[in-house]
Amino acid sequence: MKINDTPGHWTMELTMESLNIPPGFIYPAFVFGTLTYLMILFCNILVFTTIILTKSLHSPMFILLLNLPVLDVMGATALLPQLLHSILTNDRSVSYPGCFLQALLLHIYASGNFLFLTAMAYDRYIAICLPLRYHSLMTSNILIRIIVVVWLFDIFILAVLFGISTRFKFCMNNIVDVFCNNPSLVKLVCGDSSANNYYGLFTIILIQGGSLIIVTYTYIQILVTCLKTKQSDARGKALQTCGTHLIVFLLLEINALITMLSHRFESVSPHLRRAIGLSIILFPPVLNPLIYGLNTKELQKNMIKIIKRARLTFFI
């Protein structure tokens, strides 16, 4: 559908890709989606609350980890309520401001995960490779600065990306995905959108590529240090903590890479592109609290205490 519109298209109404759910599966899909969203909220709020209420977890590693459930809840909330409404009503229309906001929040969520996982790798590198300097290099002030800089950088670099897209004229109103994102919005543009494409590529190289380089370097250094350590208990604990972090990072990196490639190649099946796109939004919020909760003993032990305390408060 052609749209004769000026760059000030904030009153436009867009249509997202049809979900194509058979009538008999609408309510099961809605129930499954609702339970998934509730599980994401419960698990991530539990991790967040446990770290906040447990003084022994107020270390740089867990304070940095605290930002992941915030990002995961942001990403899930930007997607699932709107998606669940679409499943139930079969209404795939969305206003341009609503689509723009959803896309911006989802990109902030994804890039924020990369940035904070990179900051956590830096923290583990100092703790294991430079233990005598750890408390001088990771003071409370430095930790706060790292968190503030990561959030500001994340928001700024993506605000610029989406700011570029607002000056284009749209010729279509059909979003070729089940949710709004920058690649799908760019496909609506008339004429040359190379500025957005080049800047988008720059952000991918900077955030994904930069994160991969830093994490790879820090983990090589950590592995070398652990192999030199004669204390088997210390080595095992370090490798377990770092292994948990590395699993989360690699899952996100691989998922993001596949998602990006699916948008670059037109030959990819739309159904496969939809499934891959949803997986990067849904898998990390579900898996992150489970992986950290099950593999990090300090967090697991205190999460159980919080649950028991909640049960005593509400049921007795």
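Student: Which residues form a nonpolar patch on the surface here?
Tutor: Ile 247, Leu 251, Phe 283, Leu 287, Leu 290 and Leu 294 do, with about 540 Å² of accessible area together. This is a predicted model, where local features need pLDDT of at least 70, side-chain atom pairs count only at pLDDT 80 or more, and totals for chains, interfaces and linings use all residues. Residues are numbered from 1 along each chain as its sequence is written, and side-chain values use heavy atoms, with hydrogens and water left out.

Student: What makes a patch, by the way?
Tutor: Patch residues have over 30% relative accessible area and no salt bridge, with nonpolar side chains (Val, Leu, Ile, Met, Phe, Trp, Tyr) joined within 5 Å and like charges within 9 Å. A salt bridge puts a side-chain nitrogen of Lys or Arg within 4 Å of a carboxyl oxygen of Asp or Glu. Areas are Shrake-Rupley, with a 1.4 Å probe and, for residues, only the protein chains shown as cover.

Student: Which helix gives the most to the nonpolar patch?
Tutor: H10, with four residues. Helices H9 (232-264) and H10 (270-295) each supply at least two; helices are DSSP runs (H or I, at least four residues), numbered from the N terminus.

Student: And why does Leu 294 count as exposed?
Tutor: Because its relative accessibility is 59%, and exposed means over 50% (1.4 Å probe, protein chains only). Leu 294 lies in H10.

Student: New topic: which helix gives the largest share of the lining of the second largest pocket?
Tutor: H10 again, with eight residues. H1 (26-53), H3 (67-89) and H10 each supply at least two residues of that lining.

Key
Buried < 20%, exposed > 50% of the residue type's maximum accessible area, 1.4 Å probe, protein only.
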